[in-house]
Amino acid sequence: MSNETDRLLQVMARLRDPQTGCPWDIEQNFATIAPYTIEEAYEVADAIEQSDMAALKEELGDLLLQVAYHARMAEEEHAFDFEDVARTIADKMIRRHPHVFGEETVADAAAQTANWEAQKAAERAAKAQNDGQETGVLDGVPRALPALMRAEKLSRRAARVGFDWPNSAQIFDKIEEELGEIREVIAEGGEHGRMEDEIGDLLFCAANLARHFKVDPETALRTANAKFERRFRAMEAGFRERGRDFAGATLEEKESAWQDVKADED
């Protein structure tokens, strides 16, 4: 390990020392730290979206701290340590890239992606066999993923074994069907459980539509969120510049301002 990696692990060990460590750090466990791990991953993604290299360096450090944290807690339980984590991922990368570290060849990135997925499937099957379990197509899709991302991954797995719409036109038909079912629930009183179910079906179809056009739905929605936020803030700023209270404006005034902001962006 490098000097700085070793220093990080020493810092983490000091923080977790039962006698002289930080009281907050000492009382944490895998479950309490997991939300911070997820949050730090999103902050890395945000720094990348902002093209902020200084922030990216800092956020990657925060994410690396999470790895060190989990590894330290595992070491305390005599399960594994940071070196085991690094060794495992290095071994996995070598195993999954035989065209780089072995004698195989691949034609292009698409072929490599197919090989990668086949290797992952073989590893899942081998693990299931070792554990005495049956293997399934949807095994290994993490439940903790953001729902939209998980919807895309689940449908992509199903598509690999032929359970998919043959073309995107049929997805549009399905989306229209789901919209009709939502309208039907509304007409019948809008019972919350049924609305949640039908809107979920609509969102799942939208994730499938994105997959058919090779669009990552999570990225698409993040982009849409950023666009909405940018335009909304521009509207607010416009009203402030005119000495107007945005909240007190009529819906027609707000819609007009929204269209002006869109036109300025175009």
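Val85, Thr88, Ile89, Lys92 and Pro142 line the largest pocket. Its volume is about 500 Å³. This is a predicted model, where local features need pLDDT of at least 70, side-chain atom pairs count only at pLDDT 80 or more, and totals for chains, interfaces and linings use all residues. Residues are numbered from 1 along each chain as its sequence is written, and side-chain values use heavy atoms, leaving out hydrogens and water.

**Pockets**
- On a 1 Å grid over the protein atoms alone, a pocket is an open set of points where a 1.4 Å probe fits, with protein on both sides within 12 Å along at least five of seven lines; lining residues have an atom within 4 Å of a point.
- A volume is the space filled by probe spheres set on the points, which are joined across faces, edges and corners.
- The largest pocket's lining has three nonpolar, one polar and one charged residues.
- The second largest pocket has a volume of about 320 Å³.
- It is lined by 16 residues, and Arg124, Asp139, Gly140, Val141 and Arg157 lie nearest its centre.
- Two elements, α7 (109–130) and α8 (147–160), each give two or more residues to that lining.
- Helix α7 gives the largest share, five residues.
- By class, this second lining has three nonpolar, two polar and eleven charged residues.

**Glu198**
- Glu198 sits in helix α10 (residues 192–212); helices are DSSP runs of H or I, at least four residues, numbered from the N terminus.
- Glu198 is buried (under 20% relative accessible area, 1.4 Å probe, protein chains only).
- Glu198 has no salt bridge (a side-chain nitrogen of Lys or Arg within 4 Å of a carboxyl oxygen of Asp or Glu).

Notes
Buried < 20%, exposed > 50% of the residue type's maximum accessible area, 1.4 Å probe, protein only. Lys, Arg positive; Asp, Glu negative; His and termini not counted. Nonpolar A, V, L, I, M, F, W, Y, C, P; charged D, E, K, R; others polar.
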